[in-house]
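I opened my notebook today to look at how two chains sit together. Here is what I looked up, step by step.

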Protein chains: 2
Amino acid sequence: MVHCDLKFLTDAISKAKDSLVEKTYQAFEQIENPEGPWKNFAGWYDYPQKNGFSELKAIKQYIAGLDEKYNLVLGIGIGGSYLGAQAAYEALTPRYITIKPSLNKNIKPLMFMGQDLSARSMQELLEVLDQYEPMVCVISKSGTTTEPAVAFRIIRAYMEKRYGDQAQNRIVAVTDKSKGALRQLSQKTGYKTFVVPDDIGGRFSVLTPVGLVPLALAGVDVESMMQGADQMFATMKDKNHAVHHYAAARQAAYAQGKKVEALSFSEPSLVKFGEWWKQLFGESEGKNRKGILPMSLLFTTDLHSMGQYAQDGERIIFETFLKFNQIPDAQLLVPSAEDDLDELSYLQMQPIQKINAAAMTATKIAHYDGGLPVIDLTFERLDAKTMGGMFAFFELACALSGIVSGVHPFDQPGVEDYKKNLFAMMGRKGFENLAARLKERL
Amino acid sequence: MVHCDLKFLTDAISKAKDSLVEKTYQAFEQIENPEGPWKNFAGWYDYPQKNGFSELKAIKQYIAGLDEKYNLVLGIGIGGSYLGAQAAYEALTPRYITIKPSLNKNIKPLMFMGQDLSARSMQELLEVLDQYEPMVCVISKSGTTTEPAVAFRIIRAYMEKRYGDQAQNRIVAVTDKSKGALRQLSQKTGYKTFVVPDDIGGRFSVLTPVGLVPLALAGVDVESMMQGADQMFATMKDKNHAVHHYAAARQAAYAQGKKVEALSFSEPSLVKFGEWWKQLFGESEGKNRKGILPMSLLFTTDLHSMGQYAQDGERIIFETFLKFNQIPDAQLLVPSAEDDLDELSYLQMQPIQKINAAAMTATKIAHYDGGLPVIDLTFERLDAKTMGGMFAFFELACALSGIVSGVHPFDQPGVEDYKKNLFAMMGRKGFENLAARLKERL
């Protein structure tokens with residue numbers, strides 16, 4: 001299901017990796033053992049087995065029973081509440097579905113709101129909402145996170161104005177099972193709800209209703225995703241599985257001064273997967289003034305922007321290649337031409353995808369020769385099943401890598417700091433002292 | 001036009017910065033003096049004064065004289081041949097213009113191709129091209145760079161099949177003034193052409209026909225951009241200008257172990273500007289196993305993914321805030337609500353943009369308190385004139401910073417390494433020996 005090639009690491013990192021694999025497997029046993037220290041945080045590990053398929057069934061039933069016709073899904077959420085759904089959607093659906101819906105009649109446009117506080121960005125979305133019959137999926141465990149809460153105030157007002165009493169049938173909430181603002185509001189208004197499990201943090205939640213509800217509403221094959229994840233989790237129990245070697249290799253590279261990991265791939269449809277991956281690792285490991293800084297690179301695009309740096313800048317980067325044995329819908333050939341002015345005739349009638357794959361290998365060798373160690377991960381076919389498997393793979397890799405590095409991979413205390421300052425600056429009750437101190441400093 | 005606040009640097013970096021400003025200004029004199037060492041590379045510096053406005057006039061005349069009706073501009077180019085145009089387009093035009101053209105009748109959709117070797121990505125674009133009457137702008141100094149050359153073979157065949165003899169009137173080339181494949185092809189076929197100046201590298205070329213032709217075709221106010229750039233270049237002669245302090249502060253931070261610069265902004269429409277900026281700095285400075293690694297952050301979005309790392313990960317980052325005194329089309333208020341379940345009533349009826357600005361300040365202080373030095377740049381109004389000024393500002397800052405750091409800021413030798421491997425792997429003539437060596441290693 002996934003192959004991990006470590007031939008292009010340095011000898012020193014390879015050796016350090018070997019001695020870390022045992023430790024990585026011990027970390028795995030802590031995740032697998034429900035009595036372990038991460039008991040209240042590892043629900044994602046057996047979610048497909050325990051609840052995944054039954055939740056899927058409930059979601060499918062809900063969608064099948066919808067009386068409302070809709071041709072747009074609007075997801076409201078921030079961080080882990082939208083990054084996974086966005087990643088899967090972009091990888092698995094036609095890029096220009098809003099321009100040409102006939103590209104895939106099963107797929108509906110999926111847009112997102114509530115990820116920022118840009119008024120212009122919100123207004124732009126409101127300006128096109130009238131073109132559609134939207135279904136709104138609001139995702140927030142607490143219901144009080146500023147960005148999605150502001151967005152949902154706006155969208156709720158919009159929907160109630162447009163649809164009156166029927167608005168509530170066009171809004172589905174994914175939230176805490178019993179407490180919080182969004183749960184209370186849903187009870188009051190009668191929104192259909194699904195549950196954010198207690199023992200699964202936002203960045204590990206794509207395979208729960210957090211990711212599944214908006215994806216299923218948009219027509220993505222979430223069943224295959226769940227199957228792919230389930231199978232991946234089952235195979236990762238094997239000590240020889242790529243996941244243990246990948247997690248160990250990352251920490252080995254970090255220990256030798258490679259403080260930045262670049263996830264490099266060659267399909268533009270994976271850019272948002274890169275964003276999901278950055279949150280997963282950055283938020284899990286960036287603690288106590290330590291941790292690998294995650295970045296992502298799209299090839300060959302970024303070889304013409306960040307390629308010079310990768311080849312010859314500071315040697316603080318190691319690279320993880322994300323590859324696939326097969327890319328669907330990629331049959332195009334290089335056309336022949338009368339002349340060879342563009343010097344491309346040596347590629348004439350070759351599959352472009354073959355050149356793309358060769359460029360990945362060419363880059364791997366060039367970067368390795370330039371002093372950039374490379375971990376090479378190859379998954380099967382870029383489809384829904386593999387996406388599910390990739391989510392599972394990187395979630396476990398991240399947990400193991402974090403535990404080995406000595407941090408708590410499931411918390412994120414640092415994200416509160418700017419929020420407190422913001423509350424103070426905007427005059428929220430209880431923050432008066434901080435407000436006074438900040439005023440002095442500005 | 002731009003204000004640089006350095007209050008949230010550490011004392012040590014501030015002090016080091018002060019002692020670098022003189023050196024920075026000496027670098028500036030090398031750029032300004034046409035007899036200096038960068039003579040053949042600094043054409044961008046006085047381009048608005050020397051050629052910019054006359055080129056603009058020629059471009060406008062060409063567009064005004066077009067008989068062909070078009071409702072899509074397709075830009076073909078890679079790296080510096082599209083990043084600048086894409087950055088300005090995304091910042092200055094409505095996000096959903098393809099969904100609702102009436103949002104701005106002067107603006108046409110601008111799409112790009114030739115930035116990758118993904119067959120799927122190319123096919124996706126071909127699948128919607130029939131929906132439009134396209135105007136193609138192919139941009140390549142040599143005409144032989146693999147990605148745009150492959151894309152242009154495909155698009156040329158498409159256009160000739162669709163428009164027959166008239167295809168040539170729907171294709172405009174921006175290329176070398178006399179030599180190269182695209183120049184030759186243009187002469188043969190009769191494409192209208194504009195010139196990529198000899199003394200301006202790709203990443204410094206957005207204000208030449210490279211950026212101006214596709215932007216003008218798409219209806220962007222390139223006149224104001226040029227004026228903004230021209231005025232910015234004029235004011236930067238002043239030794240006290242922000243540009244000298246920004247360039248010096250970057251190098252001062254780098255000298256103290258801050259190896260990564262995060263460009264942080266709070267408008268989603270600036271994400272592609274971040275990509276332009278990353279190429280500019282990464283390709284100019286990432287040399288000789290040195291250089292600041294550029295990354296970009298979108299706030300508040302990325303505070304919920306990379307925020308934890310920024311707050312408490314490895315202290316190898318310094319941050320440059322990119323702010324504006326005014327954002328057009330940003331009047332939205334936080335709606336009032338009957339209850340305060342979402343705990344937002346303290347923000348009720350406040351302009352959302354005010355909260356967005358406060359979040360930037362809140363983050364600046366939180367990051368500084370967490371040990372992340374911050375450079376704070378504030379431009380006027382996020383519009384075409386300011387965009388032109390921003391391009392000019394960062395181009396000069398990059399050149400100065402690079403010269404001070406001791407590199408050649410205008411070359412990019414490292415980008416050739418993977419290309420040679422790719423030529424060898426794909427069987428290009430003259431690379432047989434390398435092909436054999438690579439085969440042994442794989």
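Through which surface do the copies meet? I kept in mind that this is a predicted model. I found that 100% of the interface residues of chain A are also interface residues in chain B, so the copies meet through the same surface.

**Entry: symmetry.** I laid chain A on chain B with a turn of 180° and a shift of 0.0 Å along the axis, and the RMSD came out at 0.0 Å. The two copies are therefore related as by a two-fold rotation axis. I then looked for the residue of chain A that comes closest to this axis, and it is A:Ile99, with its C-alpha at 3.3 Å.

**Entry: the interface.** I counted 142 residues of chain A in contact with 142 residues of chain B. Between them the chains bury about 11800 Å², 60% of it on carbon and sulfur atoms. In chain A, the residues that lose the most area to chain B are A:Arg120, A:Arg153 and A:His304, together 8% of what that side buries.

**Entry: polar links.** I noted 14 salt bridges between chain A and chain B. One of them joins the side chains of A:Glu343 and B:Arg428, at 2.9 Å from N to O. The side of chain A that touches chain B has 65 nonpolar, 43 polar and 34 charged residues.

**Entry: one residue up close.** Is A:Thr361 buried or exposed? With a relative accessible area of 14%, A:Thr361 is under the 20% cut-off, so I wrote it down as buried. A:Thr361 lies in helix H12 of chain A, residues 352–369. Leaving aside neighbours within four places in sequence, A:Thr361 is in contact with B:Met425 and B:Leu442.

How values were computed
Residues are numbered from 1 along each chain as its sequence is written. Chains are lettered from A and ligands numbered from 1 in the order in which they are written. This is a predicted model: local features need pLDDT of at least 70, side-chain atom pairs count only at pLDDT 80 or more; totals for chains, interfaces and linings use all residues. Side-chain values use heavy atoms; hydrogens and water are left out. Copies are superposed by least squares on the C-alpha atoms of residues with pLDDT of at least 70 in both. Contact means heavy atoms within 4.5 Å. Helices (H or I, at least four residues) and strands (E, at least two) are DSSP runs, numbered from the N terminus. Buried means under 20% relative accessible area, exposed over 50%, partly exposed in between (1.4 Å probe, protein chains only). Buried area is the accessible area (1.4 Å probe) that two parts lose on being put together, summed over both. A salt bridge is a side-chain nitrogen of Lys or Arg within 4 Å of a carboxyl oxygen of Asp or Glu. Ala, Val, Leu, Ile, Met, Phe, Trp, Tyr, Cys and Pro count as nonpolar, Asp, Glu, Lys and Arg as charged, and the others, Gly among them, as polar.
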